[in-house]
Amino acid sequence: MTDTPKISLKGLHKQFGPKVVLDSVDLDVMPGESMVIIGGSGSGKSVTLKCILGLLHPESGSIKVDGEETVSLRGRDRKRLQRKFGMLFQGAALFDSLPVWENIAFGLLAERKVNRADAKEIAIENLRSVGLSPDVALLSPAELSGGMQKRVGLARAIANKPEIIFFDEPTTGLDPIMADVINELIIERVKEMGVTALTITHDMSSVRKIADKVAMIYHGNIIWTGPRSDIDNSGNPYVEQFIHGKAEGPIQMEVLKA
Amino acid sequence: MNFLAVIGRVVFSFLQAAGRLGIFASTAVSHMFTPPFYFRSLLKQMMTIGYYSLPVVGLTSLFTGAALALNIFEGGSRFNAESALPSIVVIGIVRELGPVLCGLIVAGRVSASMAAELGTMRVTEQIDAMVTLSTDPFKYLIAPRIIATTLMMPFMLVVVADSVGVMGGYLIATGKLGFNSGNYMTLTMDFLEAMDVYASLTKAAVFGFFISLMGCYHGFYSRGGAQGVGVSTTNAVVSACMLILLTNYMVTEIFFAS
(Lines give C-alpha, C1' and ligand atoms only; values in the text may rest on other atoms or scores of the structure.)
Protein backbone atom coordinates (compact mmCIF):
# COMPACT_ATOMS: atom_id res chain seq x y z
CA MET A 1 0.00 0.00 0.00
CA THR A 2 1.27 3.43 -0.90
CA ASP A 3 1.19 6.45 1.36
CA THR A 4 -0.83 8.65 -0.99
CA PRO A 5 -4.48 8.51 0.00
CA LYS A 6 -6.86 7.49 -2.79
CA ILE A 7 -9.18 10.28 -1.74
CA SER A 8 -8.13 13.19 0.41
CA LEU A 9 -10.50 15.95 1.54
CA LYS A 10 -9.12 19.07 3.23
CA GLY A 11 -11.26 21.85 4.64
CA LEU A 12 -14.15 21.08 2.31
CA HIS A 13 -16.80 23.77 2.62
CA LYS A 14 -20.17 23.91 0.90
CA GLN A 15 -23.21 26.03 1.52
CA PHE A 16 -26.57 26.49 -0.16
CA GLY A 17 -27.45 30.16 0.23
CA PRO A 18 -26.96 30.99 3.90
CA LYS A 19 -27.23 27.35 4.99
CA VAL A 20 -23.82 25.80 5.65
CA VAL A 21 -24.00 22.09 4.84
CA LEU A 22 -20.31 21.23 4.98
CA ASP A 23 -18.29 23.34 7.38
CA SER A 24 -14.78 21.97 7.04
CA VAL A 25 -14.54 18.32 6.14
CA ASP A 26 -11.16 16.56 6.41
CA LEU A 27 -10.98 12.92 5.41
CA ASP A 28 -8.41 10.51 3.98
CA VAL A 29 -9.33 7.23 2.33
CA MET A 30 -6.41 4.90 1.60
CA PRO A 31 -6.27 2.68 -1.51
CA GLY A 32 -8.20 -0.58 -1.15
CA GLU A 33 -9.87 0.64 2.01
CA SER A 34 -13.60 0.50 2.69
CA MET A 35 -14.51 3.73 4.42
CA VAL A 36 -18.01 4.26 5.75
CA ILE A 37 -19.29 7.71 6.67
CA ILE A 38 -22.08 7.66 9.22
CA GLY A 39 -24.25 10.53 10.31
CA GLY A 40 -27.86 11.57 10.70
CA SER A 41 -30.13 12.88 7.98
CA GLY A 42 -29.04 16.32 6.82
CA SER A 43 -25.57 16.05 8.35
CA GLY A 44 -23.87 16.48 4.96
CA LYS A 45 -23.10 12.89 3.96
CA SER A 46 -24.65 13.01 0.50
CA VAL A 47 -23.26 16.47 -0.22
CA THR A 48 -19.73 15.24 0.60
CA LEU A 49 -20.17 12.42 -1.89
CA LYS A 50 -21.61 14.70 -4.57
CA CYS A 51 -18.69 17.12 -4.14
CA ILE A 52 -16.16 14.34 -4.68
CA LEU A 53 -18.09 13.16 -7.74
CA GLY A 54 -18.13 16.70 -9.15
CA LEU A 55 -21.93 16.91 -9.13
CA LEU A 56 -21.68 19.83 -6.70
CA HIS A 57 -18.91 22.42 -6.49
CA PRO A 58 -17.57 23.23 -3.03
CA GLU A 59 -17.10 26.89 -2.04
CA SER A 60 -13.61 26.18 -0.73
CA GLY A 61 -11.34 23.35 0.28
CA SER A 62 -9.48 20.68 -1.60
CA ILE A 63 -10.46 17.28 -3.00
CA LYS A 64 -7.53 15.15 -4.10
CA VAL A 65 -7.88 11.86 -5.92
CA ASP A 66 -4.61 9.92 -6.21
CA GLY A 67 -2.88 13.10 -5.09
CA GLU A 68 -4.38 15.16 -7.94
CA GLU A 69 -6.41 18.25 -7.11
CA THR A 70 -9.84 17.79 -8.69
CA VAL A 71 -12.01 20.74 -7.63
CA SER A 72 -11.07 22.85 -10.63
CA LEU A 73 -11.07 20.04 -13.22
CA ARG A 74 -13.30 20.60 -16.24
CA GLY A 75 -14.02 19.04 -19.60
CA ARG A 76 -11.69 16.28 -20.70
CA ASP A 77 -9.76 16.12 -17.41
CA ARG A 78 -13.01 15.83 -15.47
CA LYS A 79 -14.09 12.99 -17.76
CA ARG A 80 -10.79 11.17 -17.25
CA LEU A 81 -11.30 11.48 -13.49
CA GLN A 82 -14.92 10.36 -13.78
CA ARG A 83 -13.73 7.05 -15.26
CA LYS A 84 -12.16 6.18 -11.91
CA PHE A 85 -15.54 6.45 -10.21
CA GLY A 86 -18.51 4.13 -9.96
CA MET A 87 -21.58 5.00 -7.96
CA LEU A 88 -24.52 3.10 -6.54
CA PHE A 89 -27.33 5.57 -5.95
CA GLN A 90 -29.78 5.43 -3.09
CA GLY A 91 -32.78 4.82 -5.33
CA ALA A 92 -30.59 2.89 -7.81
CA ALA A 93 -31.29 5.69 -10.38
CA LEU A 94 -31.60 3.25 -13.26
CA PHE A 95 -32.51 4.77 -16.63
CA ASP A 96 -36.11 3.69 -17.02
CA SER A 97 -36.15 4.28 -20.77
CA LEU A 98 -33.53 1.59 -21.32
CA PRO A 99 -33.61 -2.17 -20.68
CA VAL A 100 -31.52 -3.56 -17.83
CA TRP A 101 -28.59 -4.60 -20.01
CA GLU A 102 -28.27 -1.17 -21.63
CA ASN A 103 -28.30 0.35 -18.16
CA ILE A 104 -25.37 -1.82 -17.11
CA ALA A 105 -23.48 -1.25 -20.34
CA PHE A 106 -24.35 2.47 -20.49
CA GLY A 107 -20.87 3.72 -19.67
CA LEU A 108 -19.24 1.28 -22.10
CA LEU A 109 -21.63 2.15 -24.92
CA ALA A 110 -21.38 5.86 -24.28
CA GLU A 111 -17.62 5.77 -24.63
CA ARG A 112 -17.88 3.61 -27.76
CA LYS A 113 -15.27 1.18 -26.49
CA VAL A 114 -17.32 -1.86 -27.46
CA ASN A 115 -20.06 -2.71 -29.97
CA ARG A 116 -23.58 -3.45 -28.79
CA ALA A 117 -23.26 -7.25 -28.99
CA ASP A 118 -20.13 -7.29 -26.83
CA ALA A 119 -21.63 -4.75 -24.46
CA LYS A 120 -24.59 -7.06 -23.94
CA GLU A 121 -22.25 -9.95 -23.13
CA ILE A 122 -20.38 -7.83 -20.60
CA ALA A 123 -23.68 -6.68 -19.10
CA ILE A 124 -24.84 -10.28 -18.66
CA GLU A 125 -21.53 -11.21 -17.06
CA ASN A 126 -21.94 -8.34 -14.62
CA LEU A 127 -25.52 -9.40 -13.92
CA ARG A 128 -24.25 -12.86 -12.98
CA SER A 129 -21.66 -11.36 -10.67
CA VAL A 130 -24.43 -9.67 -8.67
CA GLY A 131 -26.46 -12.87 -8.58
CA LEU A 132 -29.05 -12.14 -11.25
CA SER A 133 -29.92 -14.46 -14.13
CA PRO A 134 -29.31 -13.42 -17.76
CA ASP A 135 -33.04 -13.24 -18.55
CA VAL A 136 -33.26 -10.14 -16.35
CA ALA A 137 -31.18 -8.36 -19.02
CA LEU A 138 -34.13 -7.70 -21.30
CA LEU A 139 -36.53 -6.48 -18.61
CA SER A 140 -37.14 -2.80 -18.02
CA PRO A 141 -36.03 -1.39 -14.64
CA ALA A 142 -39.67 -0.73 -13.65
CA GLU A 143 -40.34 -4.47 -13.71
CA LEU A 144 -37.73 -5.16 -11.02
CA SER A 145 -38.15 -5.25 -7.24
CA GLY A 146 -36.25 -2.77 -5.06
CA GLY A 147 -33.56 -5.33 -4.20
CA MET A 148 -33.07 -6.30 -7.83
CA GLN A 149 -32.83 -2.63 -8.84
CA LYS A 150 -30.07 -2.14 -6.27
CA ARG A 151 -28.23 -5.15 -7.65
CA VAL A 152 -28.55 -3.88 -11.22
CA GLY A 153 -27.34 -0.49 -9.93
CA LEU A 154 -24.32 -2.25 -8.43
CA ALA A 155 -23.69 -4.12 -11.68
CA ARG A 156 -23.80 -0.78 -13.53
CA ALA A 157 -21.42 0.81 -11.04
CA ILE A 158 -18.81 -1.94 -11.48
CA ALA A 159 -19.21 -2.52 -15.24
CA ASN A 160 -16.71 0.20 -16.15
CA LYS A 161 -14.14 -1.32 -13.77
CA PRO A 162 -13.78 1.78 -11.58
CA GLU A 163 -11.03 2.31 -9.03
CA ILE A 164 -13.33 3.89 -6.47
CA ILE A 165 -16.94 2.93 -5.82
CA PHE A 166 -19.33 5.14 -3.90
CA PHE A 167 -22.35 3.66 -2.17
CA ASP A 168 -25.14 6.04 -1.19
CA GLU A 169 -27.27 4.37 1.49
CA PRO A 170 -26.97 0.95 -0.17
CA THR A 171 -29.39 -0.82 2.18
CA THR A 172 -32.02 1.88 2.73
CA GLY A 173 -35.54 0.74 1.89
CA LEU A 174 -34.70 -2.96 1.73
CA ASP A 175 -35.85 -5.75 4.04
CA PRO A 176 -33.16 -6.97 6.49
CA ILE A 177 -32.38 -10.10 4.49
CA MET A 178 -32.06 -8.27 1.17
CA ALA A 179 -29.99 -5.63 2.98
CA ASP A 180 -27.60 -8.34 4.11
CA VAL A 181 -27.46 -9.80 0.60
CA ILE A 182 -26.47 -6.37 -0.73
CA ASN A 183 -23.87 -5.95 2.03
CA GLU A 184 -22.38 -9.34 1.16
CA LEU A 185 -22.29 -8.42 -2.52
CA ILE A 186 -20.57 -5.13 -1.76
CA ILE A 187 -17.85 -6.85 0.29
CA GLU A 188 -17.42 -9.56 -2.32
CA ARG A 189 -17.19 -7.16 -5.27
CA VAL A 190 -15.01 -4.63 -3.48
CA LYS A 191 -12.53 -7.23 -2.25
CA GLU A 192 -12.42 -9.10 -5.53
CA MET A 193 -11.84 -5.98 -7.62
CA GLY A 194 -9.48 -4.52 -5.05
CA VAL A 195 -11.20 -1.14 -5.30
CA THR A 196 -11.49 1.64 -2.77
CA ALA A 197 -15.00 2.03 -1.39
CA LEU A 198 -16.66 5.02 0.18
CA THR A 199 -20.09 4.37 1.63
CA ILE A 200 -22.51 6.68 3.36
CA THR A 201 -25.19 5.12 5.49
CA HIS A 202 -27.02 5.31 8.76
CA ASP A 203 -27.64 1.57 8.88
CA MET A 204 -25.37 0.27 11.66
CA SER A 205 -25.60 -3.40 10.64
CA SER A 206 -24.32 -2.34 7.25
CA VAL A 207 -21.47 -0.38 8.87
CA ARG A 208 -20.40 -3.36 10.99
CA LYS A 209 -20.37 -5.56 7.92
CA ILE A 210 -18.69 -3.55 5.19
CA ALA A 211 -16.48 -0.98 6.90
CA ASP A 212 -12.72 -1.13 7.37
CA LYS A 213 -12.79 2.36 8.77
CA VAL A 214 -15.64 4.53 10.00
CA ALA A 215 -15.96 8.31 10.00
CA MET A 216 -18.76 10.17 11.72
CA ILE A 217 -20.02 13.44 10.26
CA TYR A 218 -21.99 15.90 12.33
CA HIS A 219 -23.05 19.44 11.36
CA GLY A 220 -20.73 19.42 8.36
CA ASN A 221 -17.59 18.29 10.20
CA ILE A 222 -15.94 14.91 10.60
CA ILE A 223 -15.97 14.50 14.38
CA TRP A 224 -14.52 11.03 14.69
CA THR A 225 -12.56 8.57 12.56
CA GLY A 226 -11.36 5.12 13.48
CA PRO A 227 -11.25 1.46 12.54
CA ARG A 228 -14.48 -0.52 12.67
CA SER A 229 -13.35 -2.41 15.79
CA ASP A 230 -13.19 0.87 17.71
CA ILE A 231 -16.72 2.11 17.18
CA ASP A 232 -18.09 0.40 20.28
CA ASN A 233 -15.50 2.05 22.49
CA SER A 234 -14.88 5.29 20.64
CA GLY A 235 -15.13 7.38 23.81
CA ASN A 236 -16.98 9.94 21.70
CA PRO A 237 -20.43 10.74 23.06
CA TYR A 238 -21.77 11.63 19.59
CA VAL A 239 -20.69 8.30 18.12
CA GLU A 240 -22.03 6.47 21.18
CA GLN A 241 -25.40 8.11 20.81
CA PHE A 242 -25.56 7.45 17.08
CA ILE A 243 -24.62 3.78 17.08
CA HIS A 244 -27.04 3.00 19.87
CA GLY A 245 -29.75 5.12 18.27
CA LYS A 246 -30.73 7.07 21.37
CA ALA A 247 -32.87 10.18 21.29
CA GLU A 248 -31.03 11.60 24.27
CA GLY A 249 -27.45 12.75 24.03
CA PRO A 250 -25.31 15.54 22.61
CA ILE A 251 -26.94 15.25 19.15
CA GLN A 252 -30.17 17.17 19.31
CA MET A 253 -32.50 16.59 16.40
CA GLU A 254 -33.85 19.70 14.68
CA VAL A 255 -37.38 18.81 15.75
CA LEU A 256 -36.46 18.99 19.42
CA LYS A 257 -34.75 22.35 19.08
CA ALA A 258 -37.71 24.04 17.47
CA MET B 1 -40.50 51.01 1.30
CA ASN B 2 -41.71 47.42 0.94
CA PHE B 3 -43.17 48.06 -2.48
CA LEU B 4 -39.75 48.96 -3.91
CA ALA B 5 -38.24 45.87 -2.32
CA VAL B 6 -40.84 43.74 -4.09
CA ILE B 7 -40.03 45.37 -7.43
CA GLY B 8 -36.33 44.81 -6.78
CA ARG B 9 -36.86 41.17 -5.96
CA VAL B 10 -38.99 40.60 -9.05
CA VAL B 11 -36.43 42.30 -11.30
CA PHE B 12 -33.57 40.32 -9.78
CA SER B 13 -35.31 37.00 -10.07
CA PHE B 14 -36.27 37.81 -13.66
CA LEU B 15 -32.67 38.70 -14.55
CA GLN B 16 -31.44 35.59 -12.78
CA ALA B 17 -33.85 33.38 -14.71
CA ALA B 18 -32.98 35.10 -17.99
CA GLY B 19 -29.26 34.63 -17.34
CA ARG B 20 -29.68 31.00 -16.42
CA LEU B 21 -31.77 30.35 -19.51
CA GLY B 22 -29.19 32.15 -21.67
CA ILE B 23 -26.36 30.05 -20.29
CA PHE B 24 -28.45 26.89 -20.67
CA ALA B 25 -29.31 27.73 -24.28
CA SER B 26 -25.74 28.53 -25.29
CA THR B 27 -24.40 25.38 -23.60
CA ALA B 28 -27.07 23.32 -25.35
CA VAL B 29 -26.31 24.84 -28.74
CA SER B 30 -22.56 24.37 -28.37
CA HIS B 31 -23.12 20.71 -27.52
CA MET B 32 -25.26 20.27 -30.62
CA PHE B 33 -22.24 20.87 -32.84
CA THR B 34 -19.45 19.09 -30.96
CA PRO B 35 -18.88 15.33 -30.81
CA PRO B 36 -19.71 12.78 -29.53
CA PHE B 37 -23.10 12.57 -31.25
CA TYR B 38 -25.67 10.08 -30.06
CA PHE B 39 -27.42 9.13 -33.31
CA ARG B 40 -29.54 6.43 -31.71
CA SER B 41 -31.09 8.95 -29.29
CA LEU B 42 -31.50 11.43 -32.14
CA LEU B 43 -33.41 8.94 -34.29
CA LYS B 44 -35.58 7.93 -31.36
CA GLN B 45 -36.44 11.57 -30.66
CA MET B 46 -37.15 12.25 -34.34
CA MET B 47 -39.63 9.39 -34.34
CA THR B 48 -41.39 10.46 -31.13
CA ILE B 49 -41.43 14.15 -31.94
CA GLY B 50 -42.01 14.04 -35.69
CA TYR B 51 -43.75 10.88 -36.75
CA TYR B 52 -45.95 10.38 -33.70
CA SER B 53 -47.14 14.00 -33.76
CA LEU B 54 -48.41 13.66 -37.33
CA PRO B 55 -51.98 12.49 -36.58
CA VAL B 56 -52.79 15.28 -34.14
CA VAL B 57 -51.10 17.94 -36.29
CA GLY B 58 -52.88 16.67 -39.40
CA LEU B 59 -56.33 16.66 -37.77
CA THR B 60 -55.87 20.12 -36.30
CA SER B 61 -54.87 21.59 -39.65
CA LEU B 62 -57.59 19.81 -41.60
CA PHE B 63 -60.37 21.24 -39.46
CA THR B 64 -58.75 24.66 -39.21
CA GLY B 65 -58.52 24.87 -43.01
CA ALA B 66 -62.12 23.77 -43.33
CA ALA B 67 -63.40 26.28 -40.77
CA LEU B 68 -61.32 29.02 -42.34
CA ALA B 69 -62.88 28.32 -45.76
CA LEU B 70 -66.41 28.48 -44.30
CA ASN B 71 -65.68 31.74 -42.51
CA ILE B 72 -64.08 33.43 -45.49
CA PHE B 73 -66.87 32.34 -47.77
CA GLU B 74 -69.52 33.67 -45.41
CA GLY B 75 -67.62 36.88 -44.67
CA GLY B 76 -66.56 37.40 -48.28
CA SER B 77 -70.12 36.96 -49.58
CA ARG B 78 -71.07 40.17 -47.75
CA PHE B 79 -69.13 42.17 -50.34
CA ASN B 80 -69.09 39.68 -53.22
CA ALA B 81 -65.51 38.59 -52.60
CA GLU B 82 -66.07 34.83 -52.34
CA SER B 83 -63.67 34.25 -55.20
CA ALA B 84 -60.77 35.38 -52.99
CA LEU B 85 -61.36 32.30 -50.81
CA PRO B 86 -58.56 30.04 -52.21
CA SER B 87 -55.90 32.74 -51.95
CA ILE B 88 -56.88 33.80 -48.44
CA VAL B 89 -56.97 30.19 -47.25
CA VAL B 90 -53.53 29.45 -48.62
CA ILE B 91 -51.98 32.65 -47.25
CA GLY B 92 -53.70 32.27 -43.89
CA ILE B 93 -52.66 28.68 -43.49
CA VAL B 94 -49.12 28.84 -44.84
CA ARG B 95 -48.06 32.12 -43.27
CA GLU B 96 -49.85 31.92 -39.93
CA LEU B 97 -52.19 29.15 -38.92
CA GLY B 98 -50.15 26.19 -40.13
CA PRO B 99 -46.94 26.95 -38.22
CA VAL B 100 -48.59 28.59 -35.19
CA LEU B 101 -51.23 25.96 -34.53
CA CYS B 102 -48.76 23.19 -35.24
CA GLY B 103 -46.31 24.87 -32.85
CA LEU B 104 -48.89 25.18 -30.09
CA ILE B 105 -50.01 21.57 -30.49
CA VAL B 106 -46.43 20.31 -30.50
CA ALA B 107 -45.62 22.53 -27.51
CA GLY B 108 -48.42 20.85 -25.59
CA ARG B 109 -47.36 17.42 -26.67
CA VAL B 110 -43.59 17.55 -26.84
CA SER B 111 -42.35 20.17 -24.40
CA ALA B 112 -44.63 18.73 -21.70
CA SER B 113 -43.27 15.25 -22.23
CA MET B 114 -39.66 16.51 -22.29
CA ALA B 115 -40.11 18.48 -19.09
CA ALA B 116 -41.82 15.57 -17.35
CA GLU B 117 -39.25 13.03 -18.50
CA LEU B 118 -36.15 15.09 -17.74
CA GLY B 119 -37.71 16.33 -14.51
CA THR B 120 -38.32 12.79 -13.31
CA MET B 121 -34.79 11.84 -14.33
CA ARG B 122 -33.50 14.79 -12.31
CA VAL B 123 -35.44 14.05 -9.12
CA THR B 124 -34.67 10.32 -9.24
CA GLU B 125 -30.93 11.11 -9.67
CA GLN B 126 -30.80 9.55 -13.14
CA ILE B 127 -29.12 12.68 -14.50
CA ASP B 128 -26.49 12.50 -11.74
CA ALA B 129 -26.04 8.82 -12.52
CA MET B 130 -25.42 9.71 -16.16
CA VAL B 131 -22.65 12.12 -15.17
CA THR B 132 -20.97 9.43 -13.05
CA LEU B 133 -21.00 7.19 -16.14
CA SER B 134 -18.86 9.79 -17.98
CA THR B 135 -21.76 10.89 -20.16
CA ASP B 136 -22.66 14.53 -20.56
CA PRO B 137 -26.44 14.89 -20.14
CA PHE B 138 -26.33 17.92 -22.45
CA LYS B 139 -25.04 15.69 -25.23
CA TYR B 140 -27.06 12.59 -24.50
CA LEU B 141 -30.40 14.07 -23.44
CA ILE B 142 -30.67 17.69 -24.52
CA ALA B 143 -28.83 18.05 -27.86
CA PRO B 144 -30.76 15.19 -29.56
CA ARG B 145 -34.09 16.61 -28.39
CA ILE B 146 -33.35 20.13 -29.64
CA ILE B 147 -31.91 18.96 -32.96
CA ALA B 148 -34.83 16.58 -33.53
CA THR B 149 -37.51 19.18 -32.78
CA THR B 150 -35.80 21.95 -34.77
CA LEU B 151 -35.56 19.65 -37.79
CA MET B 152 -38.87 17.82 -37.54
CA MET B 153 -40.98 20.94 -37.08
CA PRO B 154 -40.20 22.46 -40.51
CA PHE B 155 -39.36 19.38 -42.55
CA MET B 156 -42.15 17.11 -41.42
CA LEU B 157 -44.82 18.66 -39.24
CA VAL B 158 -45.35 22.11 -40.70
CA VAL B 159 -45.07 20.85 -44.27
CA VAL B 160 -47.88 18.46 -43.43
CA ALA B 161 -49.83 21.10 -41.46
CA ASP B 162 -49.66 23.55 -44.39
CA SER B 163 -50.65 21.01 -47.03
CA VAL B 164 -53.42 19.40 -44.99
CA GLY B 165 -54.73 22.82 -43.95
CA VAL B 166 -55.00 23.95 -47.57
CA MET B 167 -56.55 20.58 -48.34
CA GLY B 168 -59.19 21.17 -45.62
CA GLY B 169 -60.16 24.44 -47.27
CA TYR B 170 -60.22 22.79 -50.69
CA LEU B 171 -62.49 19.97 -49.52
CA ILE B 172 -65.07 22.34 -48.06
CA ALA B 173 -64.84 24.79 -50.97
CA THR B 174 -65.29 22.15 -53.66
CA GLY B 175 -67.60 19.82 -51.74
CA LYS B 176 -69.90 22.31 -50.09
CA LEU B 177 -69.44 25.79 -51.45
CA GLY B 178 -69.54 24.94 -55.15
CA PHE B 179 -65.99 25.85 -56.21
CA ASN B 180 -64.51 24.21 -59.28
CA SER B 181 -61.69 21.88 -58.32
CA GLY B 182 -59.20 22.83 -61.02
CA ASN B 183 -59.95 26.50 -60.66
CA TYR B 184 -59.41 26.34 -56.89
CA MET B 185 -56.02 24.68 -57.27
CA THR B 186 -54.89 27.17 -59.92
CA LEU B 187 -55.90 30.13 -57.75
CA THR B 188 -54.10 28.59 -54.77
CA MET B 189 -50.86 27.89 -56.61
CA ASP B 190 -50.85 31.23 -58.44
CA PHE B 191 -51.20 33.19 -55.26
CA LEU B 192 -48.67 31.28 -53.16
CA GLU B 193 -45.15 32.71 -53.30
CA ALA B 194 -41.86 31.13 -52.38
CA MET B 195 -41.44 33.72 -49.63
CA ASP B 196 -44.61 32.46 -47.93
CA VAL B 197 -43.18 28.98 -47.77
CA TYR B 198 -39.80 30.20 -46.52
CA ALA B 199 -41.52 32.19 -43.79
CA SER B 200 -43.59 29.18 -42.80
CA LEU B 201 -40.56 26.92 -42.53
CA THR B 202 -38.49 29.54 -40.71
CA LYS B 203 -41.25 29.96 -38.17
CA ALA B 204 -41.46 26.20 -37.77
CA ALA B 205 -37.74 25.86 -37.09
CA VAL B 206 -37.74 28.75 -34.61
CA PHE B 207 -40.80 27.35 -32.81
CA GLY B 208 -39.24 23.89 -32.75
CA PHE B 209 -36.10 25.26 -31.15
CA PHE B 210 -38.03 27.10 -28.42
CA ILE B 211 -40.42 24.21 -27.77
CA SER B 212 -37.55 21.82 -27.07
CA LEU B 213 -35.46 24.44 -25.27
CA MET B 214 -38.30 25.19 -22.85
CA GLY B 215 -39.09 21.52 -22.32
CA CYS B 216 -35.45 20.66 -21.63
CA TYR B 217 -34.69 23.74 -19.53
CA HIS B 218 -37.65 23.37 -17.17
CA GLY B 219 -37.22 19.61 -16.92
CA PHE B 220 -33.46 19.77 -16.35
CA TYR B 221 -33.79 22.18 -13.43
CA SER B 222 -36.75 20.45 -11.78
CA ARG B 223 -36.64 20.43 -8.00
CA GLY B 224 -38.61 18.82 -5.25
CA GLY B 225 -40.23 15.56 -6.28
CA ALA B 226 -43.54 14.96 -8.02
CA GLN B 227 -44.86 18.44 -7.36
CA GLY B 228 -41.72 20.02 -8.77
CA VAL B 229 -42.02 17.96 -11.95
CA GLY B 230 -45.64 19.08 -12.28
CA VAL B 231 -44.62 22.71 -11.94
CA SER B 232 -41.84 22.35 -14.55
CA THR B 233 -44.21 20.69 -16.99
CA THR B 234 -46.72 23.52 -16.67
CA ASN B 235 -43.98 26.15 -16.97
CA ALA B 236 -42.51 24.43 -20.02
CA VAL B 237 -45.81 24.40 -21.92
CA VAL B 238 -46.82 27.93 -20.93
CA SER B 239 -43.45 29.48 -21.71
CA ALA B 240 -43.14 27.56 -24.99
CA CYS B 241 -46.58 28.76 -26.10
CA MET B 242 -45.81 32.35 -25.18
CA LEU B 243 -42.47 32.26 -26.98
CA ILE B 244 -44.17 30.82 -30.06
CA LEU B 245 -46.67 33.68 -30.22
CA LEU B 246 -43.98 36.27 -29.52
CA THR B 247 -41.48 34.99 -32.07
CA ASN B 248 -44.31 34.47 -34.56
CA TYR B 249 -44.85 38.20 -34.57
CA MET B 250 -41.13 38.89 -34.84
CA VAL B 251 -40.58 36.52 -37.78
CA THR B 252 -43.65 37.89 -39.54
CA GLU B 253 -42.28 41.40 -39.06
CA ILE B 254 -38.91 40.38 -40.52
CA PHE B 255 -40.42 38.67 -43.56
CA PHE B 256 -43.44 40.73 -44.48
CA ALA B 257 -43.28 44.21 -42.97
CA SER B 258 -42.27 46.65 -45.67
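I took helices (H or I, at least four residues) and strands (E, at least two) as DSSP runs, numbered from the N terminus. Residues are numbered from 1 along each chain as its sequence is written, and chains are lettered from A in the order in which they are written. The model is predicted, with local features needing pLDDT of at least 70, side-chain atom pairs counting only at pLDDT 80 or more, and totals for chains, interfaces and linings using all residues.

**Cis peptide.** I found Pro36(B) in the loop between helix H1 (2–32) and helix H2 (39–49) of chain B. A cis peptide bond joins Pro35(B) to Pro36(B), with omega at about 0 degrees.

**Positive phi.** Ala93(A) is not a glycine, yet its phi is positive, about 50 degrees. I located Ala93(A) in the loop between strand S6 (85–88) and helix H3 (100–104) of chain A. Is Ala93(A) buried or exposed? Ala93(A) is buried because 24 other C-beta atoms lie within 10 Å; the cut-offs are 20 or more within 10 Å for buried, 12 or fewer for exposed and partly exposed in between, with C-beta atoms placed from the backbone.

Asn80(B), also not a glycine, has a positive phi of about 50 degrees. Asn80(B) sits in the loop between helix H3 (54–76) and helix H4 (85–123) of chain B. Asn80(B) has 8 C-beta neighbours inside 10 Å, so I noted it as exposed.

**Helix pair.** I checked which residues meet between H6(B) and H7(B) (C-beta atoms, placed from the backbone, within 7 Å). Val166(B), Tyr170(B), Ala173(B) and Thr174(B) in H6(B) meet Ser181(B), Tyr184(B) and Thr188(B) in H7(B).

Technical notes: Two residues are in contact if their C-beta atoms, placed from the backbone, lie within 7 Å.
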